[in-house]
Amino acid sequence: MAQHYRPGRSLLIFTVGIIGLLVWAFLPGERHTPKLGLDLRGGTQVILSPSVTAGETLSQEQLNQTLSIIRQRVDGFGVAESEVTIQGTGSGAKIIVTIPGETSRTVVDQLKTTAQLNFRPVLAIDYGSPQPSTSPTPSVSSSASSGATPSTSASPSTSASPTTSVTPTPTPSPSVSVAPELLVPPIQSPDGSGDFANRFSALDCAKSDILKGSTDDPAQYLISCEKDASVKYALAPADLVGTDIDSATAGLPQQGAGGWQVELQMTSEGAKKFADSTTKLSALEKPNDQFAIVLDGVVISAPSVNEAILGGSAVISGSFTADEARALAQVLKYGALPVALDVDEVQQISPTLGNDQLKAGLIAGGFGLLLVIVYLLLYYRALGVIAVISLVAAAVMTFLVFVILGRGIGFTLTLSGVAGAIVAIGITADSFIIYFERIRDEIREGKRLRVAIDQGWTRARRTILAADFVSLLSAAILYYLSVGSVRGFAFTLGLITFVDIAVAFMFTRSLVTKLGNSKWMNAGSSWTGVSPTRLGVKAATSEVN
Amino acid sequence: MASLSQLGNSLYRGDVSYNIVGRRKAWYLVSAILIVLSIATLGVRGLNLGIEFKGGAEFSVPLAVANDQSVSQARETVLAAGETPSTVTIIGGNKVRIQTPALSTEASNALSAALAKSFLVDEANIKVQLVGPSWGDEVTKNALRALLVFLVLVAVFLSIYFEWQMAVAALIALAHDVLITVGIYALSGFEVTPASVIGFLTILGYSLYDTVVVFDKVKENTKGIHGGSRTTYSEAANLALNQTLVRSINTSVVALLPVLSILVVGVSLLGVGTLNDLALALFVGMLVGTYSSIFVATPFLCQMKERSAENIALAKRVHSRRKGGDAGDDVKPVVAIGAPIVASAGPRQQQVKKTRSRRSGK
């Protein structure tokens, strides 16, 4: 097979390959640099893991829900290129959140919060803030978020209540004095008695922190506000909680009238609770026939109940827009994280430090490469030049693959990845060393240069493949069994091992073969690095001792 | 360079031969002492685990100049914030690093704000790392699992590609490398971080990589020796070691140069950090790895192989042939310790040529 080897063709394929990568990497309108990890450009990385007690299991679906909620929250921060990824499965899974650049220190708390969804019967309702003029029976015409107070019914709503009358509170707000700490959210009370009513009247939604969200204990009474601060509510303990909802979908009613609505499907237990609750509520007067959908202590919506709903499915109708309906369905379905999250690791690195680390990595890499180049040139002379060109080709190829993978599969180059690349310089150079030493061995056997190059390759190839296989094996195992920075390192190492094989097989071998055909190399100058005289062939006996 | 090249020529032909396999007891002794020292140090001092393994919080405050005063200032700030600093250290002359036991995210935010205020730096420039207490356990568990799976797969691969004795010898050399590297960590008190664990795991790959290259040559040299009576298994293996010695030296130099450059650049530019943790583990591990693939793996392999019936028979044949043909030669023809000798090893040289030409004739 050695006789059929055509170095020109390999070289051509390799060059075409490199040009292909080059074009792909530098496609106009795309990013032309590798995607940097946050340790190289600053940012926050949070590793969260589901907190599951022994014996509990976590389904893939729960995990995916958690992931999508976290993703939503991260998107909410509005930082470009933020990422949420998941590694591992089941209770061993890790959710890795990466937010580049300078971020607020409170990010972590906002991320891991489990949003709580509760359905609470409404006890009282009033303006969110004190009104300038008091009319005896104020009426809230609509809640701004939905355009009209939605209602709930088993079938598409037939009797939507366009207005909600507000029960006038017994005491006018100004005369109520309540200690400020009693108005710090969550404003809850175990039994709804005592100063609960006073706190309700004293609350000013516009001045309260309620809308930032807070923990909401479903077993206690709660005072809260509608999310646009227009209406405040006094609410009874929850009849239903988020986990009672099986699914929620936004859609248009089949008759096509009345705008978007949200269809709810309860779990079997939820259906029972919901039937009890709606039976009770539908018999009551306004506003006590309403139930509030409360997410993290904030009222999302408070539909009134027209009739007892027994089947476990319900429709929330109102003049929703498509987006509002979808958002509400999303909240109802995923509002509560299916599982609490533990913070495993938080790392916040300033962009300055990130930049320093990148610089140090690049300098170390460049310096290391330079040292290796000098050594190879000194020892292998002309062959060393080929080794250096091959190393540079490998470096270029690696860079291009980094760029392409950064765009394609979101590969991020981290500091440990840079370290992996620097370490790989040695492993790549070693392939050349194995090959060159084999060629020299063949020459020492007295073979002519061209034969030596051919047979040296046949022998070296086996060793290079076996050794690279071990390298790949360790990289693959590290990658699959680890998280975070170890992964970046393993990926880079594995990737470069492939690059090494490509370069050694397609490029280095061709160049050496080409060079071996030249007159100068065969003339045996000591600068060739394969001089038979220097390798002790002709004057072997006289040269050694 | 030229002299290394000359040495390469002589080593290849067997003109100069280091009797590595024959002196195995000496190498074993060196390794045994190192391993015992490592285990003893590990037992007495233990490893200096980073917060990633213990759980806790770490704050890194960049300053123009960090000195003893900044350390005490940091300590006071942390105490004033109601937390206990476990360690406060100066890093690279321009950073103060404060480690505390595990903090809630709220407490950590408060503390980082307090530090920013105290040192008059922008809070965003303070590097913060919080690690949950279970994280380290998990990292360790994952690393151990990776190690186990790796060892099994490598053993299978080596047994298929070479033979089981080589797999055993390679794994023993591997254990040797990791033990000694970890021992050096315990002795020096360098902090063990996830980056150093990456380093340790890379050593596994590297150590085997090196051993595979040497064993490949041993396999080549020992092929077909049982048909003749010229050379024993150990001698053939020793020749392989000598023939790959230049490669081993070059490879080690080339692999260590970049690692050394990470160490130098890392220390001078960044103080401690991921790069240095990794590079340090690699530097130590690669040195030990090169040593073990030459001085531990191959001698151990020979010891195992020499016990097989066919190799005992071969050794006998070689012995009697040498007695008959060359009275001056002993069973161990090369007796020099550590220093190169010019051996009258004509038969060996011919044997190798014969093997090689037979192989290339295929």
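## Reading a two-chain model, feature by feature

Student: Which strand of chain B pairs with β19(A), and in which sense?

Tutor: Two strands count as paired if DSSP finds at least two bridges between them. Here β19(A) pairs with strand β6 (residues 127–131) of chain B, antiparallel, over four bridges.

Student: Before we go on, how should I read the labels and the model?

Tutor: Residues are numbered from 1 along each chain as its sequence is written, while chains are lettered from A and ligands numbered from 1 in the order in which they are written. This is a predicted model, in which local features need pLDDT of at least 70 and side-chain atom pairs count only at pLDDT 80 or more, while totals for chains, interfaces and linings use all residues.

Student: How many residues does each chain bring to the contact?

Tutor: Two residues are in contact if their C-beta atoms, placed from the backbone, lie within 7 Å. Chain A brings 67 residues and chain B brings 65 residues. On the side of chain A that touches chain B, the elements that each supply at least two residues are α4 (107–112), β19 (341–349), α8 (351–408), α9 (415–444), α10 (449–480) and α11 (485–516). That side of chain A has 35 nonpolar, 18 polar and 14 charged residues. Nonpolar means Ala, Val, Leu, Ile, Met, Phe, Trp, Tyr, Cys and Pro, charged means Asp, Glu, Lys and Arg, and the others, Gly among them, are polar.

Student: What share of the residues of chain A count as buried?

Tutor: A residue is buried if 20 or more other C-beta atoms lie within 10 Å of its own, exposed if 12 or fewer, and partly exposed in between, with C-beta atoms placed from the backbone. By that count, 49% of the 545 residues of chain A are buried. The secondary structure of this chain comes to 13 helices and 20 strands.

Student: How many residues of strand β3 (residues 56–62) of chain B are buried?

Tutor: Seven of the seven are buried, so β3(B) is largely enclosed by the rest of the structure. Gly56(B), Glu58(B), Ser60(B) and Pro62(B) are buried on one side, and Ala57(B), Phe59(B) and Val61(B) on the other. β3(B) runs antiparallel to β6(B), joined by five bridges, with Lys127(B) as the bridge partner of Ser60(B). β3(B) also pairs with β5(B) in the antiparallel sense over six bridges, and there Ala57(B) has Thr100(B) as its bridge partner.

Student: Where do the buried residues of a helix point?

Tutor: An α-helix has 3.6 residues a turn, so residues three or four places apart point the same way. Take α4(B), where Ser70(B), Ala74(B), Thr77(B) and Val78(B) are buried. Seen down the helix axis, the buried residues of α4(B) fall within an arc of 95 degrees (taken from the directions from the axis to the C-beta atoms), so they line one face. On the other side of α4(B), Asp68(B), Gln69(B), Ser72(B), Glu76(B), Leu79(B) and Ala80(B) are exposed. The cover over the buried residues includes β4 (87–91), β5 (95–100) and α5 (105–119) of chain B.

Student: Which residues touch the most other members of the largest nonpolar core?

Tutor: A nonpolar core is a set of buried Ala, Val, Leu, Ile, Met, Phe, Trp, Tyr and Cys residues joined through C-beta atoms within 7 Å. In the largest one, of 151 residues, they are Ala419(A), Ala429(A), Ala170(B), Ala237(B), Val259(B) and Leu282(B). α8(A) gives the most to this core, with 20 residues. Apart from it lies another core, of 52 residues, including Leu123(A) and Phe291(A).
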